[in-house]
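Thank you for making the time today.

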Amino acid sequence: MIAELKLTYPPTEKLYFQDAYLKEFTARVIGRETMDDHPVVILDRTAFYPESGGQPHDLGWLNGVRVIRVEEEGEVILHFLEEELSGEEVNGLINWSRRFDHMQQHTGQHILSQSFYEIVKGETLSFHLGQDESSVEISLPSIQEKTLAEVEELANRIVFSDLEIKSYFLTEDKINTIPLRKPPKKSGLIRVVEVDRFDYSACGGTHCRRTGEVGLIKILRQEKIRGNLRFYFVCGFRSLWEFEKRRVWLQNTARLFSAEEGEVQNCAEKTLTELKNLKKRQKKLEEKLALYEAKEILQSSQEKIISGIFPEKSPEEIKFLALNLIHQAELLAVFAAFRDPYLHLVLAASDGLKVDVREVIKILQSEVNIKGGGSPSLVELVTPEKDKGEKILSLAVNYLKNQIGAQFNAEGNK
Ligand SMILES: [Zn+2]
């Protein structure tokens, strides 16, 4: 179908090449198709930019009908519509805030890519213009923070110099007369986008007419990818929005600490140290408490198997308690506690009983989704089936009862 399109329709005249600032235009419908269950129109000319070269497609309206996607097949531009469009003459209107945002990010990328090249000879391997942030993959295994700041500073100096950005077509044989940042992907007539003697790129996208319109270029973060670095960045209004978003985060965090914004890091570090010390102290106290609780339980119970669910205790506490019990007397402990989103189970046996509590795991796994392991005398398990606590406990207790029952019977027969 797409091959037929190439043959059937003449190339669409790309008005955005002549004027990236054209927001409204008139055109003639020269073809109608249905693709992906959507009406598609082909015009003799268009200001709608199709998805291409890392830049997303435009949105807008044709005679008031929403254009939801724009694609390029060969030299033909396809306008995907929300509903059928009547009439042969159309009035096109571009969603300008979206397009201008794309122009800021895209032009910013040219400037940033050349800045990476000038400062560290890092070549741009790919570009993606995302919904919230954009990214460039640069041929660098690593970069120092100071050097990255230099790259960012150069890019912004180019912005503040408000240089002119031109685009023109050159034939392939003339392309060597300009210092292109990257060899062109296309052959024949090549469109060059020049940031006034700073950067020369072969590019078919839409760009601002002066670098000043790009606004602040800010690198947000980086990650390693295929042995290179990928840098995420924002330009123009996105820089302003990003600043505001982060300002609110910082302001709210500072309020939590009742501190000045500049003090937040110190406060967080201090609080984390305090928390670590408190956790250590809590662990010691829990161990001590478990010792006393074990004594109390043993005074009031003669059972060989002690079991229970402890909603108030942590998984660590039931473990301390179980260990204390099996060390102070010859018995088995089967305890459960909760920590969202799981139910935790501890099975412990005094060595003298010669019971392998790991055997219980299989019994439980045949009934519930439960995971874990341990030694013959101590097993720790977790399950997301929190409401099955009673059932799990009784399964475990019954199995163990049989085990030790058999043991005592065997001993009795001796
Ligand atoms: Zn471009």
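Helices (H or I, at least four residues) and strands (E, at least two) are here DSSP runs, numbered from the N terminus. By that rule the protein chain holds 9 helices and 20 strands. Please keep in mind that this is a predicted model, in which local features need pLDDT of at least 70 and side-chain atom pairs count only at pLDDT 80 or more, while totals for chains, interfaces and linings use all residues. Residues are numbered from 1 along each chain as its sequence is written.

Turning to the overall build, an automatic or database domain assignment divides the chain into domain 1 (2–94), domain 2 (100–253) and domain 3 (278–413), and the centres of domain 1 and domain 3, taken over C-alpha atoms, are 70 Å apart. Along the principal axes, the C-alpha atoms fill a box of roughly 105 × 50 × 40 Å.

Let me now go to strand E15 (residues 228–235), which pairs in the antiparallel sense with strand E10 (residues 134–138) over 5 bridges, where pairing requires that DSSP finds at least two bridges between two strands. Within that pair, Ser 135 has Tyr 232 of E15 as its bridge partner. E15 also runs antiparallel to strand E14 (residues 217–225), to which 8 bridges join it, and here Gln 222 is partnered with Phe 231 of E15. What do E14 and E15 form? They form a hairpin with 2 residues between them, and in the turn Arg 226 has a positive phi of about 50°.
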